[in-house]
Amino acid sequence: RPQPRSMTMDTQRALPIAFDVLGAGLGPANGRYELLLKAQNTPLPFDRRWLGQGWDEDTTWAHPHFWQNKHGCVLWCHTHGPHAGWGISYQGHHRYFGGGNARLPTVLPRTRHGMATDPLPVLSPVYPDYWQMVRDHVRLRGIFFYWMDRTQHLMEPGGARQQADLTDFKRDARCFSLEGA
């Protein structure tokens with residue numbers, strides 16, 4: 001079974017946490033696709049009944065990461081066959097394909113005849129808001145001493161943000177209690 005986001009931090013930063021797919025003629029292909037990682041010995045993320053449709057456990061994946069939506073559609077990249085490269089598969093069949101084999105998909109320019117309909121899907125990567133994550137971490141952990149140290153020069157008498165920073169600091173400091181920590 002695929003493992004959710006168990007990559008190194010450097011790899012994780014480079015990858016979108018999700019893709020929003022919109023506008024595809026095949027309804028199940030639309031929606032949010034969540035990032036997953038395929039380990040070397042992990043079977044395909046498809047239901048096993050689709051293995052008889054030409055998929056096998058040894059299908060060569062071009063990248064160890066892929067995205068999957070709640071309908072079972074998979075945005076993935078493999079290295080061989082007529083639909084090699086990035087594509088969206090559903091029920092063991094490529095529906096949209098031709099996205100090349102770069103590290104990330106950008107466009108899927110082809111619809112598989114008889115398996116899906118136009119229009120083509122539009123892929124929008126979703127990246128985490130890293131600054132919000134830092135702000136949340138600071139607030140949750142009560143790490144306001146670092147903030148105070150880094151802005152002390154601004155809060156000194158005559159400093160550019162003396163009053164505003166002092167007010168913000170006092171407000172944040174009231175939100176936290178170091179007692180019982």
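Predicted model: local features only at pLDDT ≥ 70, side-chain atom pairs only at ≥ 80, totals over all residues.

I looked up Phe19 and Trp67, and both are buried.

Next I checked how these two rings sit against each other. Phe19 and Trp67 make an edge-to-face aromatic pair, with 4.9 Å from centre to centre and 85 degrees between the planes. I then traced where the partners come from: Phe19 is in strand 1 (residues 18-22) and Trp67 in strand 3 (residues 65-68). They are 48 residues apart, so I noted this pair as a link between distant parts of the chain.

What about Trp67 and Trp86? Their ring centres are 5.8 Å apart and the planes are at 45 degrees, so this pair is tilted. Trp86 belongs to strand 5 (residues 85-90), and Trp67 in strand 3 is 19 residues away from it, another link between distant parts of the chain. I looked up burial here too: Trp67 and Trp86 are both buried.

That gives two aromatic pairs in the structure. I put them together on the page: Phe19, Trp67 and Trp86 form one aromatic cluster.

Last entry, the core. Which residues touch the most other members of the largest nonpolar core? I got Ala29, Tyr33, Trp67, Leu75, Ile88, Tyr96 and Leu108, out of 19 residues in that core. I also asked which elements give two or more residues to this core, and found strand 1, strand 2 (31-37), strand 4 (74-78) and strand 5. Strand 5 supplies the largest share, three residues.

Conventions
Residues numbered from 1 in each chain as written. Heavy atoms only, no water. Phe/Tyr/Trp six-rings, centres within 6.5 Å; stacked < 30°, edge-to-face > 60°. Helix = DSSP H or I, 4+ residues; strand = E, 2+ residues; numbered from the N terminus. Buried < 20%, exposed > 50% of the residue type's maximum accessible area, 1.4 Å probe, protein only. Core = buried A, V, L, I, M, F, W, Y, C linked by side-chain atoms within 4.5 Å.
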